[in-house]
Amino acid sequence: MELVTRPAAERDIDAVLAFWGKAAEGKSITDDPAGVARLIARDPEALILAERDGELVGTVIAGFDGWRCSAYRLAVHPDHRRQGIAGRLLEAAERRFRELGGRRVDAMVLEVNERAQRAWEASGYYREDHWRRWVKSL
């Protein structure tokens, strides 16, 4: 049961959205077919999937705007947690960032999601308490 990581394709959109409904905490305004399609069209390598025997078991979005590396939607299916999948996804994201010239990764992690915070910390990330996220829906 080898774990394979690969970029998402347009054919994966419905499966990714269904997967996030089971595996991801919270919902984003962009969690819809048009939002994911826009991501894939703009940056075809950004949405990284982890599959085991053809089954989607994890995701991460590794976005790079030329200035900052941003990681979003790190999610692992509940039945496949604690098997190193999050770490493998982050390795794939970090490899992508290094290839693009990135120098630091910013990750958005829900404040109440302690399990996710432990996963990020296990991969060498640390919390910066002096920053806060500001948002405005368009």
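In this predicted model, the side chains of Arg6 and Asp12 meet in a salt bridge, with an N to O distance of 2.9 Å. Asp12 has a relative accessible area of 10%. Asp12 therefore counts as buried, the cut-off being under 20%. The structure holds eight salt bridges. Side chains of opposite charge can pair when their charged atoms come close.

A second salt bridge joins Asp31 and Arg73. The closest N and O atoms of this pair are 2.2 Å apart. Asp31 lies in the loop between α1 (13–23) and α2 (33–42), and Arg73 in strand β4 (residues 69–76), so the pair ties together parts that are 42 residues apart in sequence. Both Asp31 and Arg73 are buried.

Asp106 and Arg68 also meet through their side chains, in a salt bridge of 3.3 Å from N to O. This pair links distant parts of the chain. Asp106 sits in strand β5 (residues 105–107), and Arg68 in the loop between β3 and β4, 38 residues apart. Asp106 is partly exposed, at a relative accessible area of 23%. Arg68 is likewise partly exposed, at 35% relative accessibility. Salt bridges with shared partners also join Arg6, Asp12 and Glu51 into one network.

The strands form an open sheet of five, in the order β1-β2-β3-β4-β5. Pairing within the sheet is mixed. Strands β1 (3–7) and β5 are the edge strands, since each pairs on one side only. On average, neighbouring strands of this sheet are turned by 25 degrees against each other, direction ignored. Strands of a sheet pair through backbone hydrogen bonds, either parallel or antiparallel. Strand β2 (residues 47–52) and β3 run antiparallel and are joined by six bridges.

Thr59 is found in strand β3 (residues 55–64). The bridge partner of Leu49 in β3 is Thr59. Thr59 is buried, with a relative accessible area of 0%. A polar atom of the Thr59 side chain lies 2.9 Å from the backbone oxygen of Arg73. Beyond neighbours within four places in sequence, Thr59 is in contact with residues including Phe19, Trp20, Leu47, Ile48 and Leu49. Arg73, Leu74, Ala75 and Leu89 are also among the contacts of Thr59.

Notes
Residues are numbered from 1 along each chain as its sequence is written. This is a predicted model: local features need pLDDT of at least 70, side-chain atom pairs count only at pLDDT 80 or more; totals for chains, interfaces and linings use all residues. Side-chain values use heavy atoms; hydrogens and water are left out. Helices (H or I, at least four residues) and strands (E, at least two) are DSSP runs, numbered from the N terminus. Buried means under 20% relative accessible area, exposed over 50%, partly exposed in between (1.4 Å probe, protein chains only). A polar contact is a pair of N or O atoms within 3.5 Å; within protein, one must be able to donate a hydrogen and the other to accept it, and residues adjacent in sequence count only if both atoms are side-chain atoms. Contact means heavy atoms within 4.5 Å. A salt bridge is a side-chain nitrogen of Lys or Arg within 4 Å of a carboxyl oxygen of Asp or Glu. Two strands pair if DSSP finds at least two bridges between them. Axes are lines fitted to C-alpha atoms, for helices over the stretch in contact, and angles run from 0 to 180 degrees between N-to-C directions.
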